[in-house]
Amino acid sequence: MPPRLQVFADHSRLFPGYRAAYPVVSRRAQGVSLGINLNPDGFCNFRCVYCQVPRHELDHEVADPPLDLVLEEIDRLHGEAASGRLFASERLSATPPELRTLRDISLSGDGEPSLYRDLGPLLAALLPRAAAWGVSLQLISNGAGLLRPELRPLLARLRPGRDRVWVKADAWNQRDVKEIYDLTLPIAALFKRLDAVLDLCPCWLQTCVFKSQDTLLSCEPPQRIGSAVEELRRAHPRLERLQIYTLARATFTPGLAPLTDAEILAWAGEVQSRTSLPLQVCGEHGVLSGPAQG
């Protein structure tokens with residue numbers, strides 16, 4: 001595998017000397033992302049079939065990382081990245097020069113980060129750090145815990161066109177809620193929460209498309225998804241973009257496979273035909289259209 005593709009493939013949340021912070025080379029950002037794993041126990045309220053987290057290998061009794069540890073580690077990891085020492089590590093030593101730029105701080109990890117107890121104080125501490133370091137702040141979430149009252153003023157401080165919440169939107173009908181999320185939650189409840197989150201702060205929607213046994217898993221036609229996205233765009237001025245992406249790493253559900261570049265571009269084109277919301281399209285090995293970072 002060429003070095004550029006190999007560095008995209010390693011998204012392990014384990015990095016020597018750290019418990020919560022970890023670096024990855026992100027195909028989304030086309031550079032280095034400083035990740036924070038807020039759910040080392042793997043706790044998540046969704047059970048997405050394409051999830052790449054090895055939950056069967058995690059210690060489900062481990063406590064969430066304390067706030068002071070998270071901040072100490074992210075400061076230390078930033079120092080390693082800024083000095084270039086980070087690229088002497090085994091994981092990042094093969095990073096091509098054009099991908100060695102520090103792009104963002106990303107709250108993601110092995111579970112649902114919005115359920116982290118101290119998310120409010122963490123956001124309050126990270127917002128000035130992101131501004132001072134010249135990077136963006138990214139929260140990748142299904143939105144489950146984002147409607148807590150104490151988070152609203154902090155999410156309102158996210159910088160439009162720079163910081164954002166990435167909101168999961170893979171299922172667009174009731175069948176896909178079961179097939180993709182493995183949930184029985186009514187689709188109306190999911191969209192009610194989505195509407196509320198999109199009113200809080202700058203957001204990108206994320207839709208993952210992939211094949212199961214060589215057949216596209218989602219049963220919702222892309223044109224209908226595009227029409228639904230257009231309704232959301234008109235209702236929510238803070239919705240900035242839709243990212244359509246496919247699998248880049250192995251999943252723990254047998255038989256799932258990424259779309260080819262040609263397949264995902266064609267599918268995204270059908271979506272775009274029904275909405276004026278800008279798209280970013282990511283194939284298995286990187287961004288195919290739209291901005292690298294946004």
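In this predicted model, the largest nonpolar core comprises 64 residues, of which L107, L126, L155, V165, L205 and I244 touch the most other members. The greatest contribution to this core comes from helix α3 (residues 119–133), which supplies seven residues. Apart from this core lies another, made up of 18 residues and including V49, Y50, L183 and L217. The surroundings of I244 illustrate the packing in the main core. When residues up to four places away in sequence are not counted, I244 touches T207, V209, I264, W267, A268, V271, L279, Q280, V281 and C282.

The chain as a whole contains eight helices and 12 strands. Its radius of gyration is 18 Å, close to the 19 Å given by the globule rule for 294 residues, so the chain is as compact as a globular protein of that length. Taken along the principal axes, the box filled by the C-alpha atoms is roughly 45 × 45 × 35 Å. Of the 294 residues, 52% count as buried. Among contacts between residues at least 6 apart in sequence, 77% join residues at least 24 apart.

Helix α6 was examined in more detail. The buried residues of α6 are I187, L190, R193, L194, V197 and L198. These residues cover an arc of only 135° around the axis and therefore lie on the same side of α6. An α-helix has 3.6 residues a turn, so residues three or four places apart point the same way. On the other side of α6, A188 and K192 are exposed. The partners of the buried residues include both helices and strands: α6 packs through them against β5 (164–168), α5 (174–181), β6 (203–208), α7 (222–235) and β9 (239–245).

A further site of interest is S114, located in the loop between β3 (102–108) and α3. Because its relative accessible area is 0%, S114 is classed as buried. The side chain of S114 is joined to that of E112 by a polar contact of 2.6 Å. With neighbours within four places in sequence left aside, the residues in contact with S114 are L119, S141, G143, A144, G145, L146 and R148.

Definitions and conventions: Residues are numbered from 1 along each chain as its sequence is written. This is a predicted model: local features need pLDDT of at least 70, side-chain atom pairs count only at pLDDT 80 or more; totals for chains, interfaces and linings use all residues. Side-chain values use heavy atoms; hydrogens and water are left out. A nonpolar core is a set of buried Ala, Val, Leu, Ile, Met, Phe, Trp, Tyr and Cys residues joined through side-chain atoms within 4.5 Å. Buried means under 20% relative accessible area, exposed over 50%, partly exposed in between (1.4 Å probe, protein chains only). Helices (H or I, at least four residues) and strands (E, at least two) are DSSP runs, numbered from the N terminus. Contact means heavy atoms within 4.5 Å. A polar contact is a pair of N or O atoms within 3.5 Å; within protein, one must be able to donate a hydrogen and the other to accept it, and residues adjacent in sequence count only if both atoms are side-chain atoms. The arc is that of the directions from the helix axis to the C-beta atoms. The radius of gyration is taken over C-alpha atoms; the globule rule is 2.2 Å times the number of residues to the power 0.38.
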